[in-house]
Amino acid sequence: MSSSLSLTDVLARGDVWRGDALAAPALGSIASGYPALDAELPGGGWPRGGLTELLGGPGGAGELSLLLPALAALAGTGGRIALVAPPWQVHAPAWAAAGIAPERLLLVHPGRAPGQVAWCLEQLLASGSFAAVLGWAEAPGQRLAPAQIRRLQVAVEKRSVFAVLWRSTVELAQASAAPLRLHCEPLPQAAGRGRRLRLRILKRRGAAASHAIDLELSRPGKVAHAVAGSRISAIAAAGAGLALVA
């Protein structure tokens, strides 16, 4: 006997979504800590099991501070966080002040050969051992081609991991397999206030975003300096949780 599915049955499936609605990630999401942003993200937060691209200018626009509430929540439940090719030295006390114990971090410095950042990210994502994997693909020779982005998306699919890739704004027009892409732009900072950031959602599963999101970044402890400083801190140098991989 043959059976047929109604349109309602089809739309109720987790891998199908309406073009005028936001699709909930199949593996759930993590609250960003910013209600205005969560309201625009499919599933109400940063997605698990899908690649998120943050595109910004050189020097950063506070993107790491944007992610710290979610990362602190993951670390607080025992999750490990991998940082691949961060452009600045990691300041371990600042991560601790943000609620992320240094022993939850793995710091990876890939080699300089082309494709090393992409290779490291793919291996870490495929391992299934990390709650979050963050990578910076901005250095000369490490910019990713569309095929490499597609491989990273395949590596993260069906894994409950928060995967984030920083890329330059020169990649704005490049096609990408990442299901979520955001452009980050710093805004003028008022005296006595936190850093401000304007986010434009370039791509998401579901209806296109119609407006930019302006946020004042939270400042628990010294989160703005979590990746900063002229050298690795004494905590990191003593080996208290930050593994340095050549």
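This is a predicted model: local features need pLDDT of at least 70, side-chain atom pairs count only at pLDDT 80 or more; totals for chains, interfaces and linings use all residues.
Gln142 is buried, at 6% relative accessible area (buried means under 20% and exposed over 50%, partly exposed falling in between, with a 1.4 Å probe and protein chains only). Numbering runs from 1 along each chain as its sequence is written, and side-chain values use heavy atoms, with hydrogens and water left out.

Gln142 sits in the loop that runs between strand 6 (132–136) and helix 6 (146–156); helices (H or I, at least four residues) and strands (E, at least two) are DSSP runs, numbered from the N terminus. Its side chain reaches two backbone nitrogens: that of Val117 at 3.1 Å and that of Gln116 at 3.3 Å. Beyond its neighbours within four places in sequence, Gln142 is in contact (heavy atoms within 4.5 Å) with Ala137 and with Gly111, Arg112, Ala113, Pro114, Gly115, Gln116 and Val117.

Next comes helix 6. Its buried residues are Ile149, Leu152, Gln153, Ala155 and Val156. They share one side of helix 6, because they cover an arc of only 160° around the axis (taken from the directions from the helix axis to the C-beta atoms). An α-helix has 3.6 residues a turn, so residues three or four places apart point the same way. On the face turned away from the buried side, helix 6 carries the exposed Arg151 and Val154. As for partners, the buried residues of helix 6 pack against strand 3 (50–56), helix 5 (116–127) and strand 7 (162–168). Just after helix 6, Lys158 takes a positive phi of about 70°.

Definitions and conventions. A polar contact is a pair of N or O atoms within 3.5 Å; within protein, one must be able to donate a hydrogen and the other to accept it, and residues adjacent in sequence count only if both atoms are side-chain atoms.
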